[in-house]
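Please read the following briefing alongside the sequence and the three-dimensional view. The points are grouped by topic, from the whole chain down to single residues.

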Amino acid sequence: MPDRSKTKSILSFICLDNHISWLPPPDRTALSCLALLFLLFIFPFHSFAEQTDQGSVLLTSEEKQWLIEHPIIRVNNEKAWPPLNFYENGEPQGFSVDYLNMLADKIGIRFDYQSGPEFDEFLNRMEKKQLDVMLNVVPTKERDKFILFTEPYSHNPNVIISNRKHKIDDLKQLTGLTIAVPKGFFYEQEIKENIPDIKLLQVDNIVEALKAVSFNKADATLQKEAIAQYLIASNMLMGLHLSSVMKINQADLENLRIGVRSDWPVFRTILDKAIASVSKDELRPLQQKWLQIMENLTPDIPLTKKESEWLKTHNRFSLGIDPRRAPLEEIDNIGHHTGLAKDILSIIADKLDISFNPVKNLSWPGVLMGFENGIVDVAAAMPSTPDRSRHMNFTDAYISLPLMIFTKADHPYIAALDELDQLKVAVINDYAIVEFLEKDHPNIKLLKVDRAEDGLNAVLANKADCYIDTLLTTTHQIQQHGYDSIKVAGETPYKYTVCLAVNKNLPILHSIMQKALASISDQERNSIFSKWRSIQYEHRMDYSKIWKLAGAAIIVILGFAHWNRKLRSEINEREKTAKQLQESEEKTRAMSESVHDGLVMINDQSRIMYWNSAAENLFGIAASEAMGKNLHALILPEEMREKARKGMEHFAKTGKGAVVNSLQELNAQRRDGSCFPVEVGVSGFKIGDAWYAVGTVRDITERIKTQEVVAAIRTELQLIFDNAQVGILYLKNGYSLYRCNNRLADILGYKSPKEMLGLTMTDFHLTSDKERAFDDTFYTPLTSGRLVQAEFELRKKDGSGIWCSINGKATDEQIPADLNQGVILVLDDITEKRNAQKKLKESEKRVKTILDSIHTGTVIIDPVDHHIVDVNPIAAKMINLPPEKIINRTCFEFICPAKEGHCPIVDHGHEIRDSEHVLITNDKKEIPVLKTTTAINLNSREFILESFVDLTEQKKVEKELQENLEELERFYKMAVDREEKMISLKAEINTLLNETGRNDKYTIR
């Protein structure tokens, strides 16, 4: 659609040109230039800023030719699937129909809606190529054979609708019940696969399914939330309960997609481009038109009996308000509480039938004090901090607001808070940011102010270097008060996670408020956020003021031109006109000088006709020196001048060129010869037969540096991603594979990551049971923002299993996290690890078996800390303790009486082999043993194996034997002594006999 303000201004110029046609050519040209300067020096900013906001569908020549060959596309229009797709008053209607028509306008085609058949018949036609496109068709393995699916264009949760006697919140609770399902809907297959013990009641359409539940012919039905709400309300069906969002194995089933016949991949690509071009501003009117909330169908708040009874006697609560925190909340000029937080609180008040009464005349510090002294019960917009937790309980956050750094427009980019050390930073007193900065950045000098306006004014007056606050509230203040020279100069790592706060003395109210907040649907929240976030965050010039001034100047010029036409003979009047023109020119110059970008105007010979002060600063060339010079010779590097000269020749003839009506990034040259990157926007206009151009020049050196840093970081991250030794899997939009690396493809047996795109996590599970176990282990904990770790057996491409260690993290920082925004899984093949563990266990089992079968006492000792790591039953019996009470105790207690640090083996290097030692029992007795020590290697570590035999019995026998030997020796000695005495006696007798002349009586040997 054309820019009406621009068209109106151009018409004004044409009108002016007609009225001054009688003037001499030099005067007429001067007057026309002046008027055009009002118009055209603004357009480069205005038109290009608007251009960047508009989505456009850029098609290839092949795609354009395809559309020419297929001007009419056949699309299904269902009889009754409101509010998405239905037929009423002779016309296709609904959210999806309007959305598809918007895509048709973007790509220049016409859809032929075909109404009448039921859903299953549409599928049959699609398979036979008798239908080209299907709306809101859910991907299944069977449909993938003949349908190509676009990217999601919206999200609609699946819900369980039951009668009041069966409140059902989980698919498993449907076991044994009767479920009404329209013929051909994907729910039928899901139910059969997940709940075999279920009774299906097939009906013709959704209305019949809802009626079956309402009239107790069925216990429940499954449907998209928006459709169920619309049909229940429009058909006035009673006694139905809308349960919480149900979990179906394929999370992608919640997405709304467009199906294209399988032989039209080009058209699927075209639709994806068109979908990507749809902005939030374009989508919002359709959502508001068709997807309004049915208030009576919001899920019940699961209050306990105690909570319900408590609310009967406690239904009025005092409310603390931040009076100047728009658009989050404020007290407006007539004393009313308004804002995003107020709308959230109003929904809760309606749901609970309670009221919140603002405590009047309280400042924000007064609200905080009110929690301490019991004056304030509740606050609707309270960021959680540890200090405040002393007096308040907080619900879950319902919005997260980034804290940004705001400075004057000429301040350089601030990359980190450390750059603010020793600088003065304005912050609102008693806000959470004060607590954050005082704790983490004590070197920053804080200027505590009462209001956002005070902080911004302090920056403008150079009393503070910057101001820190939320983007939402500060941009509101900037727009409200016209702070044109304030910009966002950086971001902080902090966020205000805005919660409902409840006085610590009311714990039961905190529980109730938490449940009530959780019951607010996504549609209700989105409606509120859309209402209050309709603020332009981009800092732009206030063009309305300039247009008013320009319009006023043109009106003056027109008036004097008309006067001169009547009284051209009067010189005095022409002098007045000249004076007025001079004043208007001065006003125009003043306005142009306020522009931060270089503003340049040239004729068709490239001669400079206007050069503002920003251009002087940018190029280091004074306006007096620049005027009349060739622009391209003045500011372009030499290698670019010839190309510019040829382009200017073409512009002089046609008013067109490569840089006209577009934004271009070029290299420019300063007076000193140094080159720097600039962004140039040019508009052309014609006066008489000559073309002129007005352009803006912006120094983008810092932007380029930032882009280069970002590009370098991205390149590094891409290299890390591609060459990581672990598999990386990025899931989005219902756990579909969005991106993965080479290592993941290797692990799961695919040729490349490209081959895996479009798969879902279902393709990587061996069975549905394993998939459910995976879902329970990962997806629920991931919504809490935690890093989840586990080991799972996944399915490779060839169908075999592979064990992987898996770490998972949600990309959404909100709690609960929206997993459709992204989940990152890091996988590592642990097959060898598990095999090694298995072998280790087998080895340990063998060692244990051998150890237990040895008939000598045996222990294994860790030489590092002298702890006993294993003991066999024989040794345990000798020590007189169970093995579990011996293991992990030191060897000094049982094996060796040596003191710690004097181990004969470890400390002194002695070798013990079949030598006698003692073993210490539990009751400190010493048992003699025959010991042998051996070094062994277990699990790549060295241990000491000590084996010993009890010598107690052997010692006893040896003692008895010794005693017997000693007794025998005594007997032997007595016998020998007697024999020696007899020999001596016999010798004496023989001697006496010889003396008497007799012969020897005894023979002595």
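**Overall fold**

The chain holds 32 helices and 42 strands, and the model is a predicted one. Among contacts between residues at least 6 apart in sequence, 62% join residues that are at least 24 apart.

**The five-stranded sheet**

- An open sheet is built from five strands in the order β29-β28-β32-β31-β30, with antiparallel pairing.
- β29 (608-611) and β30 (663-669) stand at the edges with a single partner strand each, so one side of each has no neighbour in the sheet.
- From one strand to the next, the twist averages 30 degrees.
- Strand β28 (residues 598-602) runs antiparallel to β29 and is joined to it by three bridges, and Met601 stands opposite Tyr610 in β29.

**Helices on the sheet**

- Helix α25 (residues 638-654) lies across β28, β30, β31 (675-687) and β32 (690-699), and runs at about 140 degrees to β32.
- Helix α26 (residues 701-723) also packs on the sheet, where it touches β30, β31 and β32, and its direction makes about 125 degrees with that of β31.

- Helix α32 (residues 952-995) has 44 residues and reaches 65 Å from its first C-alpha to its last, close to the expected 64 Å; just after α32, Gly997 takes a positive phi of about 85 degrees.
- His866, in the loop between β38 (857-862) and β39 (867-871), is buried because its relative accessible area is 9%, which is under 20%.
- Residues touched by His866 include Ile861, Arg889, Phe892 and Val906.

Methods. Residues are numbered from 1 along each chain as its sequence is written. This is a predicted model: local features need pLDDT of at least 70, side-chain atom pairs count only at pLDDT 80 or more; totals for chains, interfaces and linings use all residues. Side-chain values use heavy atoms; hydrogens and water are left out. Helices (H or I, at least four residues) and strands (E, at least two) are DSSP runs, numbered from the N terminus. Contact means heavy atoms within 4.5 Å. The expected span of a helix is 1.5 Å times one less than its number of residues. Buried means under 20% relative accessible area, exposed over 50%, partly exposed in between (1.4 Å probe, protein chains only). Two strands pair if DSSP finds at least two bridges between them. Axes are lines fitted to C-alpha atoms, for helices over the stretch in contact, and angles run from 0 to 180 degrees between N-to-C directions. Lists of a residue's contacts leave out its neighbours within four places in sequence.
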